[in-house]
Amino acid sequence: MLTSYDYTMAGIVDAAGIDGILVGDSASNVMAGNETTLPITIDQMIYHARSVVRATKRALVVCDMPFGSYQSDCCDGVKNAIKIMKESGCDALKIEGGTEILDTVKRILDAGIPVMGHLGLTPQSINKFGTYAVRAKEEHEAQKLLSDAKALAEAGCFAITLEKVPAKLASMVTREISVPTIGIGAGCGTDGQILVVADMLGMTKGFNPRFLRRYADLNSVMTDAIGNYIRDVKDSVFPNETESY
């Protein structure tokens, strides 16, 4: 899986053969420049998801439910889940949390909406934990994560994202639950992997977590291309005769 937030990028990612596209609330960081995922709204997520869905021909499109859209009570969670599905056309939703949101997950599933779980580092809880450090390093937290994963799988989640947890724990969870796990910073023992597309393509510079592998340096490519365009315009060599009417 990879993230996408707009029509053009989603079309490229889908055509390349990716299995799943996540319209992540990381759009808050990548697209809007916010420090956290918390500010992004339901309507903004719908806008991004709708753009991605229009470009996608084959991949599964999963949309994050943003902070505040499901934490207050089950009824709000179901209402907002239906709104996102109806207005975006995505295939499924992703929700952060374990047993504390299990009733909401069940209600959303009962409404006929596929749900992907998300455990480990849950960015929407940044103000609770105060750090983006690796989660579940201590035994009690690891046991809770495993218990949460089993509960989500038994409730009917079709997959679970494991973010920034020890590789040994991620492998254990993958072995002990019946649905696929998708890792990010969770080692190679999960069933699949996901990265933020702008990071793996090297469009971003300052974000350098241990788990990130950059498959290109588009920041340099784009900077050079823009510089060449500026030079050609200033030198009056663009547009040339063949590029004019």
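Student: Where is Lys205 found?
Tutor: This is a predicted model, so local features need pLDDT of at least 70, side-chain atom pairs count only at pLDDT 80 or more, and totals for chains, interfaces and linings use all residues. Residues are numbered from 1 along each chain as its sequence is written, and side-chain values use heavy atoms, without hydrogens and water. Helices (DSSP runs of H or I, at least four residues) and strands (E, at least two) are numbered from the N terminus. With that in hand, Lys205 is found in the loop between helix 9 (197–200) and helix 10 (218–234).

Student: How far apart in space are Lys205 and Tyr7?
Tutor: In sequence, 198 residues separate Lys205 from Tyr7. From C-alpha to C-alpha, the distance between Lys205 and Tyr7 in space is 23 Å.

Student: At what angle do the axes of helix 3 and helix 4 cross?
Tutor: Let's look at where they meet: helix 3 (residues 42–55) brings Ile42, Asp43, Ile46, Ala49, Arg50 and Val53 to the contact, and helix 4 (residues 74–88) brings Asn80, Lys83, Ile84, Glu87 and Ser88. The axes are lines fitted to C-alpha atoms over the stretch in contact, with angles from 0 to 180 degrees between N-to-C directions. The axes of helix 3 and helix 4 come within 8 Å and cross at roughly 35°.

Student: Which residues of helix 5 are exposed on the other side from its buried ones?
Tutor: In helix 5 (residues 102–110), the buried residues are Leu102, Thr104, Val105, Ile108 and Leu109. They cover an arc of only 160° around the axis (taken from the directions to their C-beta atoms), so they sit on the same side of helix 5. Their cover includes helix 4, strand 4 (92–96), strand 5 (115–120) and helix 7 (139–155). On the other side of helix 5, the exposed residues are Asp103 and Asp110.

Student: Which residue with a positive phi follows helix 5?
Tutor: The phi of this residue is near 90°. The residue that follows helix 5 is Gly112.

Student: What is the phi of Ser236?
Tutor: Ser236 is found in the segment after helix 10. At 63% relative accessibility, Ser236 counts as exposed. Although Ser236 is not a glycine, its phi is positive, at about 60°.

Student: Which peptide bond is cis, with omega near -5°?
Tutor: Look in the segment after helix 10, where Pro239 lies. The cis bond runs from Phe238 to Pro239.

Student: What kind of aromatic pair do Tyr229 and Phe238 make?
Tutor: The structure holds 1 aromatic pair (ring centres within 6.5 Å; planes under 30 degrees apart are stacked, over 60 edge-to-face, the rest tilted, with the six-membered ring used for Trp). Phe238 itself is partly exposed, at 37% relative accessibility. The ring centres of Tyr229 and Phe238 are 5.9 Å apart and the planes lie at 65°, so the pair is edge-to-face.

Conventions: Contact = heavy atoms within 4.5 Å. Buried < 20%, exposed > 50% of the residue type's maximum accessible area, 1.4 Å probe, protein only.
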